[in-house]
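Colleague: I'd like to learn how to read a helix crossing and a pocket. Can you walk me through them?

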Amino acid sequence: MALEILLQQEQQNRPLDQVLAEYPARRWPSDRRDRQLVRALVYEVLRRRGFLDHVVARYAKHPLAKMKPLTLAALRLGLAQLLYFDRLPPAAAIDETIRALKAARQPRWITGFVNGLLRNAARERAELLRLAAEQCDWLSVPAWLRQRREQQLGQERAYHRSRAENQPPPLVLRVNTAKINCATLAEQLQHNGIEVEESTFAPAALRLPSYHGRVEELPGFNEGWFAVQDEAAQLVTMLLQKEPDPEPGALFLDACAGLGGKTAHLAELLPAESRLVALEPHTGRFALLAENLARLGHKFFKLPPDGPPEELARRLQTAAAGKPAPLLLCPQTLASFARLLDSASVAPAFQGILLDAPCSGLGVVRRHPDIRWNRQPEDLPRYCKQQIALLDQAAKLLAPGGVLVYAVCSNEPEENREVIQALTSRHPELEVTDPRPWLPPPAATLVDDEGYLRSTPETGLDGFFAARLQRGDALESVKKM
């Protein structure tokens, strides 16, 4: 299974989450420990892939570029077991790798080649482990990204970032404080033998450092007591809060809702009289968005994808009037949503807009190690252009004095400072404001001299960038950076 999943992920250049989700359910083992082992093998290979290739090149006479993808994937998988899975006997790791190749009907010379290389590596395991301690974290970053980080951060900081990205992250929960408090949930988890740590930065977060099971099996999942969300992502959502409190019926927009982690957090943070619109165009994600919100206990109305503009106008006008109306979920992109508003002759003024934009994802490599192998340097300008276009649309929907929060799970300059500079040059009515008044005190250390929230893997968080911008006549009451 692990070999098939690794091969699919590399050949199709698709996110690992999608490959795992679409792997036939009937083929997953029934034993929970076996399912965990499959995932652990896959993630460890992707986390250490650069170093594993270095080891293959050390023993093989054939260039890696000329190897069959299946052969190279099997070698990586076998070496990962030999070097990083102490509880798997070397002989078993080698034999199971060969058996997987035989199941794939590989010729005898291929199985012989893989068997010989893995046995040579097993004999020199101590030396390879010494090399791994010195070089693995550095070599497990693609050459283009390694060079780029050295230029931006210097060699020492670049190395520490790579090392932090290769540490398996803890599972982090955001407690649904509308249903339960942190102390009670922590007690429930500990009663079930689950290790729990208090958060460092986000007040509603709990860390589960040693839990490797399915999230759905945690106590309180079906009851909606929590959502899975890193502390950095929780801090981003907190930036959309406004002072003084918005008037009853104030409209807020989650412009790229995704699976709904930040949507649900906003629904909990904003005053009860506020109304929240969430946009998500992808059919599968939209269904999961609705499912997640329902599990967490949030009421909502789903606008049909081909619904008439008049229905959208009526819903928004009802919300703007402060009358009881559910959270509105729209299966549209931000651009199509804006066009709908134009055709409906309604121009709502959103008091707050969260744009958690599509990005390279290079800040969350520790959770998604496949990302570093799926990205190329030319992807960054493409994402930058898309992010600026989305911000252009969002700026036009923002009310005077309204707040626009831009966020990406990336620490790359093209997706961070350069995007904000392009936005403010095109929209001089927007100005970056100090986010610290809206953050818990420990998180103030994550704000840089330019007024941007920056978290990195070195701080024990996912790598996020966020800017809090405010429009127009309310700026004089806000301390600017």
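Modeller: Helices are DSSP runs (H or I, at least four residues), numbered from the N terminus. The model is predicted, so local features need pLDDT of at least 70 and side-chain atom pairs 80 or more, while totals for chains, interfaces and linings use all residues. Residues count from 1 along each chain as its sequence is written, and side-chain values use heavy atoms, without hydrogens and water.

Colleague: At what angle do H6 and H7 pack?

Modeller: Axes are lines fitted to C-alpha atoms over the stretch in contact, with angles from 0 to 180 degrees between N-to-C directions. For H6 and H7 (residues 108–123) the angle is about 165°, with axes 10 Å apart. That makes H6 roughly antiparallel to H7 (over 145 degrees).

Colleague: And what about the second largest pocket, what is its volume?

Modeller: Rolling a probe the size of a water molecule over the atoms shows where empty space is left. On a 1 Å grid over the protein atoms alone, a pocket is an open set of points where a 1.4 Å probe fits, with protein on both sides within 12 Å along at least five of seven lines; lining residues have an atom within 4 Å of a point. The volume, the space filled by probe spheres set on the points, is about 560 Å³ for this pocket.

Colleague: Which helix gives the most to its lining?

Modeller: H6, with 7 residues. The lining has 20 residues, with Glu-96 and Ala-100 among those nearest the centre.

Methods:
Helix = DSSP H or I, 4+ residues; strand = E, 2+ residues; numbered from the N terminus. Parallel < 35°, antiparallel > 145°, perpendicular 65-115°, else oblique.
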